[in-house]
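Take a first look at the model shown here. The report below goes through it part by part.

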Amino acid sequence: MQRKQSSKKSKQSLQVQHSNQTDLSAWRKGKKTDPEKSLQNRQSLSNSQANENKQNSFEQAVSYFEKVQDPVSLRKNEALQKHLATVESTALEKGLPPEAFDVLLNVALSGKMADAVNTRLLKSLIPASVIPESSLVSSVSWLCVSKCSGSIQLLFIRWLIAMFDFIDHKDQLHALYGFFFSFLQDEKMCPYVCHLLYLLTRKESVKPFRIRKLLDLQAKMGMQPHLQALLSLYKHFCPELVSITLPGRTKTYFKNSEGPWKAAMSTIRRRNQEKSPVSQPLLLGTTQHQSRKRKWNTQLILPASSASTSTLAEVKDKNSDLYSISESFPVEQLQTFPQLLKNIHHLELPSQMGSVLTHPLLLHYMNCIKDESIYLRLHYWMGQTLQEECTWCVADSSQYEEEFKDFLEIVHKSECFLQEGFSSCEEFLYRSLPFWDGFCCRSQILRLMTWIPLSSFSEMKSHLYGPLAQLFFTSSLYFKCGVLESLKELLQNWLNWHMIQLDSESDSHGYSLNTTLSGLVNVVAELIHFVGRISTIALRLESNATFLLYFILDFYETVCDIYLRYNLPLLIMPPAGVFYPALLSMDSVSLNQLCYIMYRYRTNLIAAKENELIKKKILQFKFSSQTYQEYNQYLIAMVGCLWTSNAFQKDVHPQGLFLDEEMLKKTRVQDFKTSFNIVYHPALMGYALLFLQQAWPDDNTFNFSLIKGRKWNWYLEYLYAQGLKGLKLFIESSINRVSPTSQSK
Amino acid sequence: QENAAPQKAASLLRKQWSLYSVTPLYRFSGARLGEYARLLGASIAAEKQKGLAVGVGVDLDVAVTFRSLPELRGGQRDQPAMLVQLSSRSSVSSKSSNEKLVWSGCFCCVSGEDFSENVPEDFTCLPLFLANGAENYTAMVGSWFQKTFDCHFCRLSISPLNLSWMAAMWTGCSVEKNACATELIFSVPCLPQPLDISYAIHPEDAKALWDTVQKTPGEITQEEVDLFMDCLYSHFHRHFKIHLSATKLVKVSTAIASAHCKGTIKFLQSRHLLGVLMLLTELAISQIQ
């Protein structure tokens, strides 16, 4: 009667859970639809072929064990032999259904049978899905009345450890902590009980009297790895009660308990891989030994461990109320994102904030709480660590360069994750850049630079631009390109940050923070002017290297779109020292890039002008007429060069291409007027040549003047088809085509 | 305030202290010193016998005491200083009689209010840390503080510029007769063998020189310090034809205190203890800011 009830109950709960757990009926169904396994079944099933029969025999076996009263000898009782064999084969094949555990554990631990039977029973207790907690509670009560022998007790504990992950709930098991604890007394059981306690221990399980008991055991038995492990876990939870330093080398602290069930376990694991509960035991806080000269602060990367200070605050109350359950969730147990979500309201921060850097979940947490002290703690630690470890600022530390690199790498990763620069990094850069050789940890430093925070009061000029410009001019082409790349990312990070600020402000303040906005515009402008200056000089130094020009124009691709893409009222044209080398570049990539940039400038400037016209009220920020004028000068030069073939006459830019007729004649260059149009431009002449070969395959004279009229349009289409999209956008937007017929093509 | 010779602070005198800067302690409470002592004691015991757990509060062979030194501060706005002492006890005899002081450390803040008032409530500013005793004890205590209060310890070295300030300031303090000589030690760089030059001056002569340099009493400027040092250098050059300005000042010792550039100090006079600590606090704060 009782038996039926329990099976019914578990059936209900299974339905509610909607999981693929197996009860007896499901087991039977599964058997039917699984013909593959019948081959294996044959050997274990000696007297029955039908699956139905097999199921029945298992049910019979369970009910046999349920009813058995008196000790029966295995050798003489065929019924027992048969039923035991059934249980064993079922367990190995398929695992036992949850309902079976109650009965079988009762038999195995009640001492009714001989130890040989009990052992075989325990060894075959392999779950098909889960082990119901209720069956364990009754087992522990059997254990406490000592009806079974010591070896069975031991086997049960090992079984419990091996099957720990398969227990459906653990609340009642936690309530039995004290009972398990009492088994520590037994010398043989002690290692396994320690392991079980290690799995069960929660913060509220750690009590002064338990610590005293463990210390007594330690005094009696000496240094034992299982005691060390349990004590170090106790220390994790309650550093105010016990202290332990684990010896350096990590070793296994617990003997493997899985032995008898290993093969079966792995098949089950494979079977319910997708749903198997992942239990990750707490990491033991072993300190890594590094051969550093320093005696302390040996670790750059801190491990995350619970704050001992916060527990200190509670310790008084806790001791008075022995059974109060501590609210906070220790960081050591934080392993998965769902855990973070579930415990976010009472998550305990690590004792050392520096440890968040290598803990992605804590970084998530940091991202969503606004607590000044968190950032301040991190700030102090990081500031000091950077200062102390900086390999070029501190003597005799060059041997730790690799370690420092890794550290910078981690810091940068965290900044990317948080999308925010650390102020301690900014200070570190300002402090250390004047002493930097531009070589040590180069890529790390350049990447850290991209996260310098944007603040409206600017000390950048003296702290960053000065030392950086010195290094920039004296270093290789690749360093120059690296610096330009970082500065581009810095600009983008600032602009993104500004966008986010705009979004968050529009809800509350609107456009009220004009003062800071103008400050902000100034800081951004300062950066762009700085890049303009160093780019001009760098192009001269590197004789207009295409590689360098690419990085410079890449920077301006961001600059030309600031108004429309980032909603910041700022447009700065590239200096003539950048514009003209790009316009006269030998490389079509640069010319194409320049065309695209000019097209975007045009779009931005037109949008700005329209906005000015629409909004009658005076806007705080208006592009000065100088910007328009500069753009127009460049545009005239470009159109003059590429299209109308009168660059030398029309260019009005003071640093432009204007040359008077007399001078041009002296050069004795024929057709100088056309020499930079889209046919003759050195960057495009290659295309013109290929076009000629395709259009006039028989003509070997390379008569470029053939490209005109309709052919000119064909040639344009040809250029566009070669991937010169920038050129296309530029010509279509900035040049008024005389003949509309070309459009029809 | 400099005249009040702090009784308890006498334990700081005539000992060689290593200097550290410490970032603000998070959630430190001056009311819980006893508790901290027990925890630190257990932590040290566990560290010493690696692998064996130690219960907190049991009798150990190293006793830890935390003591507040409220008189060791610049004013009410500074945190009271804290003295941490480790003493070894022989397990055989009774507790108090056979204790031997093996290590001491002192956290303090003298006139650091500009800094401490700008940090949030949860933080306690004791930016200067002095340690005397075996370095492995310093490491154990420091690590424990770092873990417990999320702070960071950093060696505090004294730059030659700051040493010259100390030389000038301490020369200017009036001292008793028969005071020991003012001694400056310079190290000559770029030599295969290290070469130190010791420059000893009679304290009264040094004071006379300083008095001619200093314009307004109670106020010192960088120009005055430079002029004072230049005078000493030119005097030395006249006699030995050595330009001390090309060497590095590594140590200053006067009747007030003696300081070494690698970050050690010895206090010699209780009357000027607070003054020296104030200067060191300033250096510590500038390192952590």
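## A salt bridge in chain B

At 30% relative accessibility, B:Glu47 counts as partly exposed. This is a predicted model. The side chain of B:Glu47 meets that of B:Lys50 in a salt bridge, 3.2 Å from N to O. B:Lys50 is also partly exposed, at 27% relative accessibility. Side chains of opposite charge can pair when their charged atoms come close.

## Chain A overall

Chain A has 745 residues, and 51% of them count as buried. Its secondary structure comprises 36 helices and one strand. Among contacts in chain A with a separation of 6 or more, 73% join residues 24 or more positions apart.

The accessible surface of chain A is about 36,500 Å². Carbon and sulfur atoms account for 53% of that surface.

## Where the chains meet

Chain A gives 40 residues to the contact, and chain B gives 44 residues. The area buried between chain A and chain B is about 3,500 Å². Carbon and sulfur atoms supply 55% of this buried area.

There are 11 residue pairs in polar contact between chain A and chain B, both residues at pLDDT 80 or more. The count of salt bridges between the two chains is one. In that type of pairing, the side chain of A:Arg377 meets the side chain of B:Asp150, at 2.8 Å from N to O. Several elements of chain A give two or more residues to the side that touches chain B, including helix 13 (208–221), strand 1 (242–243) and helix 21 (423–432). Helix 19 of chain A provides the largest share of that side, with 10 residues.

## Salt bridges around helix 20 of chain A

Over all chains, the structure holds 16 salt bridges. One of them joins the side chains of A:Lys405 and A:Glu402, at 3.6 Å from N to O. Both residues lie in helix 20 (residues 401–418) of chain A, three residues apart, about one turn of the helix. A:Lys405 is partly exposed, with a relative accessible area of 21%, whereas A:Glu402 is exposed at 51%. A:Glu401, A:Glu402 and A:Lys405 are linked in a network of salt bridges.

A:Glu409 forms a salt bridge with A:Arg447, the closest N and O atoms being 2.7 Å apart. A:Glu409 lies in helix 20 and A:Arg447 in helix 22 (residues 442–449) of chain A, so this pair ties together parts 38 residues apart in sequence. A:Glu409 is partly exposed, with a relative accessible area of 23%. A:Arg447 is partly exposed too, at 31%.

Notes:
Residues are numbered from 1 along each chain as its sequence is written. Chains are lettered from A and ligands numbered from 1 in the order in which they are written. This is a predicted model: local features need pLDDT of at least 70, side-chain atom pairs count only at pLDDT 80 or more; totals for chains, interfaces and linings use all residues. Side-chain values use heavy atoms; hydrogens and water are left out. Helices (H or I, at least four residues) and strands (E, at least two) are DSSP runs, numbered from the N terminus. Buried means under 20% relative accessible area, exposed over 50%, partly exposed in between (1.4 Å probe, protein chains only). Contact means heavy atoms within 4.5 Å. Accessible areas come from the Shrake-Rupley method with a 1.4 Å probe; for residues, only the protein chains shown count as cover. Buried area is the accessible area (1.4 Å probe) that two parts lose on being put together, summed over both. A salt bridge is a side-chain nitrogen of Lys or Arg within 4 Å of a carboxyl oxygen of Asp or Glu. A polar contact is a pair of N or O atoms within 3.5 Å; within protein, one must be able to donate a hydrogen and the other to accept it, and residues adjacent in sequence count only if both atoms are side-chain atoms.
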